[in-house]
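This report walks through selected local features of one protein model.

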Amino acid sequence: MENKRLLPLIPLRGLIIFPYMVLYFDVGRDKSIEALEEAMLRDQQIFLTTQKEMEVEDPLEGDFYRVGTIAKIKQMLKLPGDNIRVLVEGQQRARYSELVRMDPYFEVSVEPYVEEAVDENNVELEALSRGIRDAFERYMAISNRIPQELAGSITGMEDIVRFADLIIPQLGISLEQKQELLEENSLIKRLRLLHTLLIREIEVVEMERDLGEKVKEQLNRMQKEYFLREQMRVIQQELGEDEDARSEADKLMERLDKLRLKKSIHEKMEKEIKKLSRMNPSSPDASVTLNYIEWILDLPWNKQTKEEIDLGKARVILDEDHYGMERVKERVLEYLAVRKLTNSLKGPIVCLVGPPGVGKTSIASSIARSINRKFVRMSLGGVRDEAEIRGHRRTYVGAIPGRIMTLIKESKTKNPLFLFDEIDKLASDFRGDPASALLEVLDPEQNKSFVDHYLEVPFDLSKVMFLTTANTTTTIPRPLLDRMEVIELTGYTLYEKEEIAKRYLISKQQKENGLEDVQVKFSKDALRDIIEEHTRESGVRELERKIATVLRKVATIVVEKDRKRFSVTKKGVTKFLGQPKYQRTQREEEDRVGMATGLAWTNVGGDTLDIEVSLMSGTGKLKLTGQLGEVMKESAEAGLSYIRSIAEDLGIEDSVFKNTDIHVHVPAGAIPKDGPSAGITMATAMASAFTQKKVHADLAMTGEVTLRGRVLPIGGLKEKLLAANRYGIKKVLVPEANRGDVSEIPQEVVKGLTVKYVKEMNEVLKESLVEQ
């Protein structure tokens with residue numbers, strides 16, 4: 001054969017042809033048909049190679065392998081639809097070195113694939129030949145892939161090269177592995193690879209056969225059990241026992257039919273029940289399937305309470321259960337009014353935001369009672385596993401539904417009032433993001449077909465009224481917050497706490513401590529002492545605990561002395577609770593230099609913030625201590641920059657800033673502090689230190705400061721003013737932009753306080769610094 005020659009090329013899809021191999025294949029692509037016709041016009045020889053990707057309809061040069069087989073066309077048969085069936089015989093491995101033509105057919109420059117010469121007496125060649133022949137005989141014995149005519153023709157074949165090329169196409173190996181065997185020009189290496197693949201194929205076929213026998217054995221056993229169960233059923237019918245001892249599957253099917261579920265859900269459950277009926281009752285799979293079916297059947301698919309929205313009744317219940325909070329109650333009544341008019345739950349989800357103990361959860365319970373809905377609560381504090389919301393997939397051992405569907409099932413109604421408590425304390429880790437899972441639950445457009453991973457069937461949550469609670473909105477993920485309407489619950493005033501204790505807490509704790517038949521009376525001074533000197537909170541949880549402590553002491557005295565009435569006085573509070581934990585007035589009595597009082601908001605209400613400034617010789621460094629956050633540090637730097645910008649007006653020489661180190665400290669260093677509202681306080685304390693002018697001790701302030709001395713608005717004003725009142729402050733400086741907020745605060749909060757509105761920092765300094 002010539003060293004190089006031009007031949008038409010046909011790229012095969014899913015096929016590889018080897019030398020000595022006779023093969024039929026169909027040709028339908030135009031280029032392939034043209035290549036066939038050209039080959040027939042020449043010497044009937046054609047170059048066959050394999051496409052790398054079967055899906056490519058119009059291959060280019062890089063889409064097929066360079067190494068293929070020169071074949072001779074033995075026969076051509078035209079088929080319906082312009083297809084041609086071709087019979088070819090492989091002759092020799094070859095490689096094309098150049099693509100000469102692409103239209104109207106592929107034509108390539110082909111050179112034979114020269115194999116490395118091997119000595120016929122090579123020991124390894126002999127060993128490989130024997131090993132391959134023995135392995136192939138074993139393969140033929142256990143596999144049904146080898147045609148009988150081929151097995152007979154190659155059994156006695158002595159030429160190992162031809163033998164190998166003929167058996168390779170019969171193995172169940174991949175096209176890539178066959179191409180690797182075709183391209184290998186070293187006979188020894190090719191035989192080594194073939195022997196390895198042949199041994200592996202034998203192992204695979206043996207494994208398949210073992211698995212098939214095991215499956216057959218299992219099927220036979222199941223079939224036997226089925227026949228035995230059928231016989232038992234017939235015997236029970238003959239004995240007349242069938243009416244009283246119906247099968248579990250029949251009972252489940254009866255329950256399913258009564259539910260009138262959607263067709264898709266009904267068909268799925270019917271399939272599960274039939275599968276259960278074919279299982280061995282003692283098998284683990286049967287108990288898992290039964291548990292799943294009972295879970296689905298126990299859900300309240302068509303059960304719901306009749307909603308009664310009566311605004312008058314709702315107002316009475318809210319007033320009975322909660323004192324004060326008029327704005328919150330009005331907003332709740334507005335929500336119910338819109339709900340009644342629209343008869344729809346679509347719209348933002350209400351989120352009650354406020355400090356601990358102000359009644360967020362109890363308000364949700366009161367709403368449920370006022371509209372005749374079951375109340376369901378799910379605490380989200382610390383939840384970090386998405387499966388808590390969506391459930392575990394049934395493929396896991398010990399899988400259970402999510403908490404949402406569990407609570408819906410326990411409520412036995414499809415339209416409860418569902419409260420997600422502490423939604424601001426959600427977490428996330430490698431187990432998923434529960435906040436993202438809640439997006440679907442809280443979206444009325446999506447939750448009508450909520451699918452729990454365990455249940456795997458859609459359940460309609462659109463009838464559920466969802467409410468959420470949080471201490472702050474800052475930690476709620478933004479996409480989740482966008483779906484909610486925030487209603488803020490602020491802290492209680494002293495007067496409100498007194499009324500709540502009289503109306504609710506004392507009677508509740510009397511009942512819990514067995515003092516219902518004993519007349520216990522708290523004096524006004526005693527109650528005020530408990531509130532002001534033994535608790536410091538926005539809500540009333542700690543107050544309730546202190547009242548409970550007092551009543552337990554009273555219970556001990558009542559039992560010992562058999563008394564029917566008892567009065568708790570101011571002196572008795574000190575006896576029962578010990579010395580006061582908090583002093584009513586902790587502020588400095590004397591005006592001081594470099595010390596100013598600020599007002600801060602925390603998750604448990606308002607508090608005061610004493611800021612101290614000390615000056616020392618140095619190089620103009622600013623040192624900040626007291627575990628301050630980044631925002632607070634920046635406020636201190638902004639305040640210092642403002643003081644330096646007006647140094648001339650304050651009578652401060654420029655050299656002082658260069659030669660003086662400034663130390664700003666906020667006491668209670670173990671408590672982290674952050675926020676911009678202490679800006680004017682720090683600037684005032686620094687101005688006092690530099691000018692040596694004292695700051696009024698009975699004055700507090702709150703507001704953010706800018707480099708140009710503007711005073712910007714802040715939040716949490718009610719809590720801050722409450723703290724100022726507790727602290728004994730007489731005058732409070734508030735940003736002018738917060739004037740509207742002050743007008744909405746109850747009068748008892750600002751009673752005894754002089755509120756001064758400021759726009760600029762120079763007004764703050766004028767009000768706060770004592771003129772000498």
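The count of aromatic pairs comes to 12. The rule takes rings of Phe, Tyr and Trp (its six-membered ring) and pairs them if their centres lie within 6.5 Å; planes under 30 degrees apart count as stacked, over 60 as edge-to-face and the rest as tilted. Helices (H or I, at least four residues) and strands (E, at least two) are DSSP runs, numbered from the N terminus.

The model is predicted: local features need pLDDT of at least 70, side-chain atom pairs count only at pLDDT 80 or more, and totals for chains, interfaces and linings use all residues. Residues are numbered from 1 along each chain as its sequence is written, and side-chain values use heavy atoms, with hydrogens and water left out.

Are F136 and F163 buried or exposed? F136 is buried, at a relative accessible area of 1%. F163 is buried as well, at 3%. Buried means under 20% relative accessible area, exposed over 50%, and partly exposed in between (1.4 Å probe, protein chains only).

Elsewhere, ring pairs join F47, F64, Y96 and F106 into a cluster.

**Charges over rings**

A charge sits over a ring if NZ of Lys or CZ of Arg is within 6 Å of the ring centre and within 35 degrees of the ring normal. R394 lies over the face of Y292, 3.6 Å from the ring centre. K409 places its charged end over the ring of W295, at 4.0 Å from the centre.

**Backbone geometry**

Most residues other than glycine have a negative phi, and most peptide bonds are trans. The peptide bond joining D103 and P104 is cis, with omega about 0°. P104 is in the loop between strand 5 (84-101) and strand 6 (106-112).

Y20 is not a glycine, yet its phi is positive, at about 75°. Y20 lies in the loop between strand 1 (5-12) and strand 2 (22-27). Q692 also has a positive phi, near 60°, and is a residue other than glycine. The loop that holds Q692 runs between helix 24 (679-691) and strand 21 (694-695).

**A cavity**

Rolling a probe the size of a water molecule over the atoms shows where empty space is left. On a 1 Å grid over the protein atoms alone, a cavity is a set of points where a 1.4 Å probe fits but cannot get out; lining residues have an atom within 4 Å of a point. Grid points are joined across faces, edges and corners, and a volume is the space filled by probe spheres set on the points.

How many cavities of 30 Å³ or more does the whole structure hold? The search finds 3. The second largest cavity has about 40 Å³ of space. Its lining consists of R331, V332, Y335, V350, L352, I367, L467 and I487. Helix 11 gives the largest share, 3 residues. The lining divides into 7 nonpolar, no polar and 1 charged. Here Ala, Val, Leu, Ile, Met, Phe, Trp, Tyr, Cys and Pro count as nonpolar, Asp, Glu, Lys and Arg as charged, and the others, Gly among them, as polar.

**Individual residues**

| Residue | Relative accessibility | Class |
|---|---|---|
| P458 | 31% | partly exposed |
| Y20 | 31% | partly exposed |
| Q692 | 47% | partly exposed |
| S635 | 8% | buried |
| F375 | 31% | partly exposed |

Contact means heavy atoms within 4.5 Å. The contacts below leave aside neighbours within four places in sequence.

P458 lies in strand 11 (residues 458-459). P458 is in contact with I265, W301, S449, F450 and V451. Its C-alpha atom is separated by 58 Å from that of I611, 153 residues apart along the chain.

S635 is in helix 21 (residues 630-645). S635 contacts G675, P676, G679, M682 and V705.

F375 belongs to strand 8 (residues 375-379). F375 touches T361, A364, S365, A368, L417 and L419. The C-alpha atoms of F375 and F418 are separated by 6.3 Å, and the two residues are 43 residues apart along the chain.

Note on methods: 1 Å grid on protein atoms, 1.4 Å probe; cavity = no way out; pocket = protein on both sides within 12 Å on 5 of 7 lines; lining within 4 Å.
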